[in-house]
Amino acid sequence: MEKKIRRIGVLTSGGDSPGMNAAIRAVVRTSISCGIDCVGIRRGWQGLINSDFIPLNGENVRHIQSRGGTILYTARSEEFMTEKGREKAVSTCKMLGLDGIVAIGGDGTFRGALELSRLGIPVMGIPATIDNDIGCTNYTIGFDTACNTAIECIDKLRDTMQSHERCSVVEVMGRNAGFLALYVGIAVGATSVLVPERELDFQNDVIVRIQNSRLAGITHFMVVVAEGASSAITIGEMIRDSIGMDPRVTVLGHIQRGGSPSGRDRETATRMGYCSVRAFAEGRENNIIGTQEGGIVEIPIEEALAMKKHLQMDRYHILEAMSSSGAGK
Ligand code: F6P
């Protein structure tokens, strides 16, 4: 007979991303509709170790879907990496009478979830990271908002670069992946985009593209660098040394992680939050929720963690075709 789920916990862990609040709200509201009690664990896995929790209800999640960040706070826990830490976390689950945990975050969060599931605590994972680098899902909560934030910033930079006929080198986040950089680069019409998935060929990928743009009559240049590929400071210096330009360097940094979530992030987060609780209510556990071709899928955690996602290199060709350097070739 299926075990009746009476109470679950929800937590956010790792780097925050816009839309996490919408996911928390969906978990809480869906729990209420299924007759399940919901407890918020604060500060991620560390909060589970420290018994740091708050009761959640329809009231305290009201309208949080429009807020960036996470009302539950987030953390990266060293202690949870240890057996002792995880034993304490299991004790908290028992003390609170939790029949399951919904963990919202990235790969690190899911590795923690897998360990907890091995100790007998059922879990469900919701992918939320601005990096969009989780193999089992084609979309992660926060990516769209982060792209929009970076695009807005770069559009502003372009105004002043155009006026002064300068070169701008902008570094975007993404950890070891180039999804954010490539998407943003296409959207802003960058002269060049450097991603970790493609070996850096500075001469061809940066200098030749700037020179071809110049030949096409362009007098300002936008180079987007994924943090996993290089640093904007390094690329700026290399441009200076190579062709004597005086680029301006901008590191967008954590501004990309903030802000009110976009419609896409709110909607996806709400669907994922809903599906995670429905899964528990219907007797499924230890899966990661993902999107594939727009629909929601559930993948066993271990399998999900082994899945790889590749940067769509055809998009790189689109970028080349769009830029003036491509047209000038
Ligand atoms: O994983 C999300 C992310 O924002 C990455 O893009 C970035 O490399 C990292 O987190 C920054 O982490 P922190 O918040 O610890 O500076």
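Me: How far is a polar side-chain atom of Arg 257 from an oxygen atom of the ligand?
Reply: In this predicted model, a polar side-chain atom of Arg 257 lies 2.8 Å from an oxygen atom of the ligand, where a polar contact is a pair of N or O atoms within 3.5 Å.

Me: And what about His 254 and Gly 174?
Reply: The side chain of His 254 has an N or O atom 2.8 Å from an oxygen atom of the ligand, while for Gly 174 a backbone N or O atom lies 3.1 Å from a ligand oxygen atom.

Me: How much of the ligand does the protein cover?
Reply: On its own the ligand has 400 Å² of accessible area, and the protein covers 75% of that, with areas taken from the Shrake-Rupley method and a 1.4 Å probe.

Me: Which residues surround the ligand?
Reply: Among them are Arg 76, Asp 131, Met 173 and Glu 227, where a residue counts as near if one of its heavy atoms lies within 4 Å.

Me: New topic: where does the ligand lie relative to the domains?
Reply: The ligand lies between domain 1 (7-142 + 261-306) and domain 2 (145-258), because both give residues to its shell; the bounds come from an automatic or database domain assignment.

Me: How far apart are the C-alpha centres of the two domains?
Reply: The C-alpha centres of domain 1 and domain 2 lie 34 Å apart.

Methods. Residues numbered from 1 in each chain as written. Predicted model: local features only at pLDDT ≥ 70, side-chain atom pairs only at ≥ 80, totals over all residues. Heavy atoms only, no water. Polar contact = N/O pair within 3.5 Å; in protein donor to acceptor, adjacent residues only side chain to side chain.
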